[in-house]
Amino acid sequence: MNISTANIRKWHRKFAIVLGLFFIFQAVTGIIAQNKNSLNRLTWPELYKVSEVVGDRMKPGDLVELVDLVEPEFTIAHAMYPLDRDRETAIVIMGGPDKTKLDMSHLMTVDPYADKILSDRKTLGGWVGWAIYLHIGTFFGTIGKIITVIFGISLVVLSGLGILLWWR
């Protein structure tokens, strides 16, 4: 294969079209994932909105004690405290019953001001959950992770071809 500037431009253009569509998809789902607290609070107020904002939020140690008291078999893998601008949003806890691995198959929401669990073992669902799963590639399982790696390698190739075009 002749490595001419025309060939490099052709391949650079092909990579740019495919990756451009991927970046648009990643940007839209990433924006949804970034604003998941606000979107969930608007979409499902009974699961994600606290009853009343009074005082300070519960501390992580108090959160662990509450979950151990109410659901002793539930293992906390990840707790997501909302930002200060989202004070009326519940704390989201991801975890599961499997103590041998970092299980994040279940979801709990906790009212940090009333010290009570709002929803118990709800999986991440709805259109916000779908967007997040699509964004991080777990929706498609192993295939999604492989596709994400391929797109990452393609991005490196696109960048390399662009640098080569600039250098020539």
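First, the ground rules. The model is predicted, so to speak of local features we need pLDDT of at least 70, and side-chain atom pairs count only at pLDDT 80 or more, while totals for chains, interfaces and linings use all residues. Residues are numbered from 1 along each chain as its sequence is written, and side-chain values use heavy atoms, with hydrogens and water left out.

Start with the whole protein. There are six helices and four strands; these are DSSP runs, H or I of at least four residues for helices and E of at least two for strands, numbered from the N terminus. In sequence order the pattern is α-α-α-α-β-β-β-β-α-α. The radius of gyration is 22 Å, well over the 15 Å that the globule rule gives for 168 residues, so the protein is more spread out than a compact globule. That radius is taken over C-alpha atoms, and the rule is 2.2 Å times the number of residues to the power 0.38. The C-alpha atoms fill a box of roughly 70 × 35 × 25 Å, taken along the principal axes.

How much of the protein is buried? Buried residues make up 30% of the 168, where buried means under 20% relative accessible area, exposed over 50%, and partly exposed in between, with a 1.4 Å probe and protein chains only.

Now the helices. Helix α6 covers residues 141-167, and at 1.5 Å a residue its 27 residues should span 39 Å; its end C-alpha atoms are 39 Å apart, which agrees. The expected span is 1.5 Å times one less than the number of residues. Its buried residues are Gly-144, Ser-154, Leu-158 and Leu-161, and they pack against α1, residues 5-34. Packing here rests on contact, meaning heavy atoms within 4.5 Å.

Last, one residue. Where is Lys-49? Lys-49 sits in the loop between α3 (45-48) and α4 (60-70). Lys-49 is partly exposed, with a relative accessible area of 42%. Leaving aside residues up to four places away in sequence, Lys-49 touches Arg-41, Glu-88 and Leu-118. Lys-49 and Leu-118 are 69 residues apart along the chain, yet their C-alpha atoms are separated by 8.8 Å.

That is the tour.
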